[in-house]
Amino acid sequence: MSKILIIAEHLGGKLNSSTARCVSAANAVKPESIDILVLAADATAVAGEAAMIDGVAKVLTLDRAENAHALAAILAPQIAAVAGNGYSHVFAPSTTFGKDVMPRVAALLGVAQISDIMSVESSHTFQRPIYAGNAIITVQAPASSTVVATIRTASWPAAANGSATAPIEAANAEVSLPSHTRFIDLAQGKSDRPDLQGASKVISGGRALGSSENFDIIYKLADKIGAAVGASRAAVDAGYVPSDLQVGQTGKIIAPELYVAIGISGAIQHLTGIKDAGTIVAINKDAEAPIFEVADFGLVGDLFKIVPELEAAL
Amino acid sequence: MKILVGYKRVVDYNVRIQVKPDGSGVVTDGVKLSANPFDDIALEEALRLREKGIASEVVVVTIGPANAQPHIRNGLAMGANRAIHVVTEEAIQPLTAARAMLKLIEKEDPGIVLLGKQAIDDDCNQTGQMLAALWDRPQATFASKIEINDKVARVTREVDAGLETIEVDLPAVLTTDLRLNEPRFIKLPDIMKAKSKPLETIQFADLGVDSGDHLKTTKFAPPAKRSKGVMVKDVAELVEALRAKGLV
């Protein structure tokens, strides 16, 4: 039977919802148990949140001053040590956090890693996208070795909180940590808007906005309906918005209930980031734009006229 | 200081991939092949570090079939000093690629290994991190800015929360994100010059790399298709449609 270890993602003392999405993926393996490992300088608050997720058997904590920031070279040896305590699977979300640390864990364990699990066929057989989601492959991990994987969060709902609270225990990982990697700084956009990866509604803008000033109409529309803001690669490359807003193959993969693409033509690399969205709305002046091929509702016209109209109508 | 650059050949990013009807793979016959875009960025960054006098030599490495030689010559034409072609006709998974790179590191003793953050064919995003672990050296992934001061690299990383800056002691593995730089175009005279640059060929089997314990791909399938929706004529009709679905 499978015993699954999930590595919690957290920032600023708050658990990221990507962790609960990993719990859903772990449940699909039908395991004997699911444990969550929290590595932090002080894991108390995050562990408390993790313990409430339904289906979690226990929460393990590794409190060390070195764990104040999620540095892969620091975390990986500790994760590998805990994984060695009889776990058959180690999962983390396929966010920049999980993508950074998990291959390092896999290499320390001497095993391959499965990236971006979108569905589970059995304990060692999974589906994942390749070629920007233009093909889906079924991959089989060797039955004899630990399965190390990242979970494509857009494919899985966040597991809900349960009625019981899982026990929280301090884990043991007596490993020496390197000093060759040092955290300097994290520059975060300050915003009261919902987080792009977890938002139920997202308004995205593309190159057609033309400038960062013009992007204001996207923010205004988003604020009107309580949506997060996203962008195409072209808009980020042009400097209209910061890079953490990029949606697509190499940016964020999201699955909101409503996705509104404004002035985005719809390159395949962008479409792969939104294919799991509930309803896609496209607003573009080019009636031939590929975005209309996947949109549930399309509106052809000048976005500078349509967007303010839409904001007023909502 | 020497920089080793991973330079993978992949199906060009503009090609719309088709899955073979029998599910045995994707159609690659006759499709355009190019350098992995992230690897072009890695090579460009290495060349800039050489032009600034920080690096003395840039070596491009390709692990791939014998017919990838024109591809690796492009890396030389772009400006690398020399190339190493590890020849294998097998598809190489990230752990094996990392093990093979480690063998080359042991021989070449680079100060920096620059790789793309992911290859746009398998989208794995693993090799750099695995290599750093096997080499027991630091990693700075998803770099959008790299500054080298003596034996330390200060790297700005594109992470979900924003931009993170870390410092790593060299030697280290750095992987590139899209906004690190804009790769230069290859000029025709440089293609001629590249023909005389050194290109070392190593058979993969001669590296003595363990390629076991791997993932087996049992099936390829096309993705679920979203069906084309309806076109609305104006904002009023759009709002009505969204209200009907309870979305606004």
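Ile136(A) stands opposite Ala221(B), a residue of β12(B). The model is a predicted one, in which local features need pLDDT of at least 70 and side-chain atom pairs count only at pLDDT 80 or more, while totals for chains, interfaces and linings use all residues. Residues are numbered from 1 along each chain as its sequence is written, and chains are lettered from A in the order in which they are written.

Strand β10 (residues 135-140) of chain A and β12(B) run antiparallel and are joined by five bridges; two strands pair if DSSP finds at least two bridges between them. Strands (E, at least two residues) and helices (H or I, at least four) are DSSP runs, numbered from the N terminus.

In total, 73 residues of chain A are in contact with 65 residues of chain B, contact meaning that the C-beta atoms of two residues, placed from the backbone, lie within 7 Å. Among the elements that give two or more residues to the side of chain B that touches chain A are α3 (94-108), β7 (139-149) and α6 (235-244) of chain B, and the largest share, eight residues, comes from β9(B).

Val175(A) lies in the loop between β12 (168-170) and β13 (181-188) of chain A. Not counting residues up to four places away in sequence, Val175(A) touches Pro77(A), Gln78(A) and Ala81(A).

| Pair | Separation in sequence | C-alpha to C-alpha distance |
|---|---|---|
| Val175(A) and Gly230(A) | 55 residues | 40 Å |
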